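Here is a short note for someone opening this structure for the first time. Please read the points in order, with the model in view.

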Amino acid sequence: MRRPQRLSFIYLSLFVALLLTVMPMPQLVKLARPDWALLVLMYWAMALPQRVGVLTAFFTGFVVDVLVGTVLGVNALAFSVVIFVVAQHHLKMRNFSVIQQALLLGMLLALYQLLLFWLSHFLTGVYFRPQYLWPVLTGMLVWPWLFWLLRRYRRQLKIQ
Amino acid sequence: MNQNYSRGPSLTLRLFIAVVFSAGLMFLDRYTDSSTQLRSYLTAAASPLFYVASLPETLFSGASEQFMSQQTVLDENSRLKDTLLQQSGQLQLLRFLQQENEKLRALLGSGAGVTDSFLAAEVLAVYSHPFSHQVVLNKGSSSGVTEQQPLIDELGVVGQVVSVGPNSSRALLISDNTHALAVRAERTGVRAIVEGLGQWDLLRVMHLPHSTDIREGDRLLTSGLDGRFPEGYPVAKVVRISQDASQPFMVVYAEPYAQLDRIRHVLLLSGRTAVKEDTPAPEQP
């Protein structure tokens with residue numbers, strides 16, 4: 001078992017993702033904002049599943065709940081479930097090409113939006129609108145670049 | 001790779017723990033009263049993050065203000081003075097009209113006129129998720145804020161307070177997916193209900209029969225019939241009407257007057273609403 005190294009850099013990347021989640025944006029961009037925190041968590045769960053797992057996802061999701069104002073625990077639950085799937089299949093997913101990964105992650109992002117909507121509908125009675133699915137598409141488009149960036153980040157800083 | 005999981009509980013158990021904790025949080029937040037307090041602490045704890053996230057925008061607008069030439073500032077100053085003069089002139093007339101109105105009301109023997117008092121509050125944080133359009137205000141129960149208090153800005157109705165902490169409170173905006181309020185069209189007096197869609201710039205006018213007289217550009221004002229919002233404040237302007245005979249009602253969209261996506265300061269209305277509190281409210285937020 002390797003000793004953990006420079007774990008704080010993982011949390012730094014999550015912090016930046018959270019900043020991007022709440023950064024003020026024009027309305028048009030806002031609706032299509034990718035779920036940065038979830039994408040970054042997915043990368044780490046795939047690359048270092050022994051460091052970033054369901055519980056990290058839970059806490060990040062909780063912070064997202066506090067930041068964006070959804071019912072507390074909704075994002076925490078959705079994040080945990082999605083990261084559980086990623087962590088369980090990380091060996092398979094690592095072998096895919098980036099495009100295949102993006103397609104697969106698109107399905108997971110859709111699962112996240114579905115869970116989020118379903119829980120919010122159950123708790124506060126929101127209605128579904130197709131525009132809510134834009135982040136799935138933008139998330140898939142962003143993934144190859146994010147993957148490349150985070151891999152460089154991990155290798156340069158030798159995060160283990 | 002399996003030895004990676006040798007420490008600590010298994011992945012499934014971790015998921016189970018996370019699900020149980022999330023369910024507990026959801027219950028706590030939705031069905032108990034302690035959540036307002038908890039929320040205000042959490043928001044206060046997270047406020048540095050909001051601050052850092054809005055830093056680029058603040059820097060940008062700050063820089064553009066810095067580089068504004070003196071001439072521009074002078075121009076703006078004279079324009080503002082002009083506006084002030086005009087508005088105080090109108091205000092004098094308004095005072096007179098108010099007095100006259102009260103006298104007439106007294107003659108008619110109807111209830112006393114509505115006197116609203118305002119409390120200015122600053123917006124600490126804006127929640128921007130499509131499922132939740134809410135703002136956190138810097139005034140709480142220590143400043144006399146109560147639940148269900150309506151919020152306006154200089155252009156129109158903004159929303160209502162839904163939960164109050166000691167020094168902060170949370171307000172639901174009219175654009176929230178779960179918000180609705182009673183309105184009346186200014187031109188015709190048609191009553192309707194305006195619902196939020198989870199979009200900053202669009203509201204939906206509900207349950208209008210096909211024969212209703214409503215046009216694009218009609219001003220919608222609060223009717224006061226919901227027992228929450230006092231009568232007569234501007235809410236939205238009708239922007240789009242589509243008449244589809246296969247639908248039971250007209251599909252009417254309206255644009256809110258208040259700049260919901262860029263509110264900084266709001267006014268909390270207190271005082272008596274036009275309708276007594278025992279009137280059943282048509283919609284719970």
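1. A word on the annotation comes before the rest. UniProt feature names are shortened here, and such annotations may be inferred rather than shown by experiment. The model itself is predicted.

2. Start with the record for chain A. An unreviewed UniProt entry lists residues 55–86, 98–120 and 132–150 of chain A under "transmembrane region". In the model, residues 55–86 of chain A are 84% helix and 0% strand. The end C-alpha atoms of that span lie 13 Å apart. Residues 132–150 of chain A are 89% helix and 0% strand. Their end C-alpha atoms are 26 Å apart.

3. Next, the contact between the chains. Chain A brings 39 residues to it and chain B brings 38 residues. On the side of chain A that touches chain B, α1 (7–22), α2 (27–31), α4 (54–68), α5 (74–88) and α7 (98–124) of chain A each supply at least two residues. The most come from α5(A), with seven residues. By type, that side of chain A divides into 26 nonpolar, eleven polar and two charged residues.

4. Look at the largest nonpolar core. It has 99 residues. Which of them touch the most other members? They are V40(A), L41(A), I83(A), V158(B) and V194(B). Take L41(A) as an example. Leaving aside neighbours within four places in sequence, L41(A) is in contact with V52(A), T56(A), A57(A), T60(A), F79(A) and I83(A).

5. A residue is buried at 20 or more and exposed at 12 or fewer. Q88(A) and D65(A) are 23 residues apart in sequence, and their C-alpha atoms are 25 Å apart in space.

6. Now chain B. Its secondary structure comes to four helices and twelve strands. Of its 285 residues, 32% are buried. Among contacts in chain B with a separation of 6 or more, 59% join residues 24 or more positions apart.

7. Finish with strand β10 (residues 234–242) of chain B. Strand β9 (residues 219–222) of chain B runs antiparallel to β10(B), joined by three bridges. Strand β11 (residues 250–256) of chain B also pairs with β10(B) in the antiparallel sense, over six bridges. A236(B) in β10(B) stands opposite L220(B). In β11(B), the bridge partner of A236(B) is P256(B).

Conventions
Residues are numbered from 1 along each chain as its sequence is written. Chains are lettered from A and ligands numbered from 1 in the order in which they are written. This is a predicted model: local features need pLDDT of at least 70, side-chain atom pairs count only at pLDDT 80 or more; totals for chains, interfaces and linings use all residues. Two residues are in contact if their C-beta atoms, placed from the backbone, lie within 7 Å. Ala, Val, Leu, Ile, Met, Phe, Trp, Tyr, Cys and Pro count as nonpolar, Asp, Glu, Lys and Arg as charged, and the others, Gly among them, as polar. A nonpolar core is a set of buried Ala, Val, Leu, Ile, Met, Phe, Trp, Tyr and Cys residues joined through C-beta atoms within 7 Å. A residue is buried if 20 or more other C-beta atoms lie within 10 Å of its own, exposed if 12 or fewer, and partly exposed in between; C-beta atoms are placed from the backbone. Two strands pair if DSSP finds at least two bridges between them.
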